[in-house]
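Hi,

Here is the structure I promised to pass on. Have a look at it first, and then read my notes below.

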Amino acid sequence: MKIIVGLGNPGDKYAYTYHNVGWLTVDVLADRLGIKLSSKECASLTGVKSIGGEKTVLAKPLTFMNLSGDAVKQLLGRYGASPSELIVVYDDIDIAKGTYRFRERGSAGTHNGMRDIIAKIGTEDFRRVRVGTGPVPENIPLISYVLMTIPDAERRTVADGVKAAALRLETLIGE
């Protein structure tokens, strides 16, 4: 079992913001794997497929970012999965645009969505893929930056990071 959760915020106004690269990554992965994200369950938009004999769940929480833990906890319960079967994909301002980092575990850092997940499921022991959205320009407050629409001049670079992260996730699913 693998549950891959891409973090983001619901609504058209957030669709192409830095804070939604987790959602964008899951969309790319779903396209690559032929998974339709068409079910609504556990406060998430989900799609399920057996890959290599193993159930794979892709999910995009429909809660706002800071309440992502509610959806993740529900997903783990619904599918009888442990945190070791969870992979969370999210934006990281400390990583350069166009890149990603994979970690087996770790703290939430400054990411409120991750803080909520860790608080709700009670552990930091789950895998994560952090997609680079930084650095934050000095003249823009952090909250304004992560919620701004990705400028046209940076969309290609951010898309490269999203695609690379989706490819890494595809490899993780195959392991």
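Arg168 sits over the face of Phe102, 4.5 Å from the ring centre, and Arg128 does the like with Phe126, at 4.4 Å. (For a charge to count as over a ring, NZ of Lys or CZ of Arg has to be within 6 Å of the ring centre and within 35 degrees of the ring normal.)

Before you go on: this is a predicted model, where local features need pLDDT of at least 70 and side-chain atom pairs count only at pLDDT 80 or more, while totals for chains, interfaces and linings use all residues. Residues are numbered from 1 along each chain as its sequence is written, and side-chain values use heavy atoms, with hydrogens and water left out.

Now the rings. How many aromatic pairs does the structure hold? Two. Rings of Phe, Tyr and Trp (its six-membered ring) pair if their centres lie within 6.5 Å; planes under 30 degrees apart are stacked, over 60 edge-to-face, and the rest tilted. Tyr14 and Phe64 are edge-to-face, 6.0 Å centre to centre with 85 degrees between the planes. Tyr14 is in the loop between β1 (2-6) and α1 (21-33) and Phe64 in the loop between β4 (54-61) and α2 (68-79), so this pair ties together parts 50 residues apart in sequence. (Helices, H or I with at least four residues, and strands, E with at least two, are DSSP runs numbered from the N terminus.) Tyr14 is buried, at 16% relative accessible area, but Phe64 is partly exposed, at 45%. Buried means under 20%, exposed over 50%, and partly exposed in between (1.4 Å probe, protein chains only).

Tyr18 and Tyr145 are stacked: 4.4 Å centre to centre, 20 degrees between the planes. Tyr18 lies in the loop between β1 and α1 and Tyr145 in helix α4 (residues 142-146), so the pair links parts 127 residues apart in sequence. Both Tyr18 and Tyr145 are buried.

Next, the cores. A nonpolar core is a set of buried Ala, Val, Leu, Ile, Met, Phe, Trp, Tyr and Cys residues joined through side-chain atoms within 4.5 Å. The largest has 27 residues, and Ile4, Leu29, Leu58, Val129 and Leu169 have the most contacts inside it. Helix α5 gives the largest share of this core, seven residues. Another core, of 21 residues, lies apart from it and includes Val72 and Ala108.

Last, helix α3 (residues 112-121): its buried residues include Met114 and Ile118, and Gly122, with a positive phi near 80 degrees, follows the helix.

Cheers
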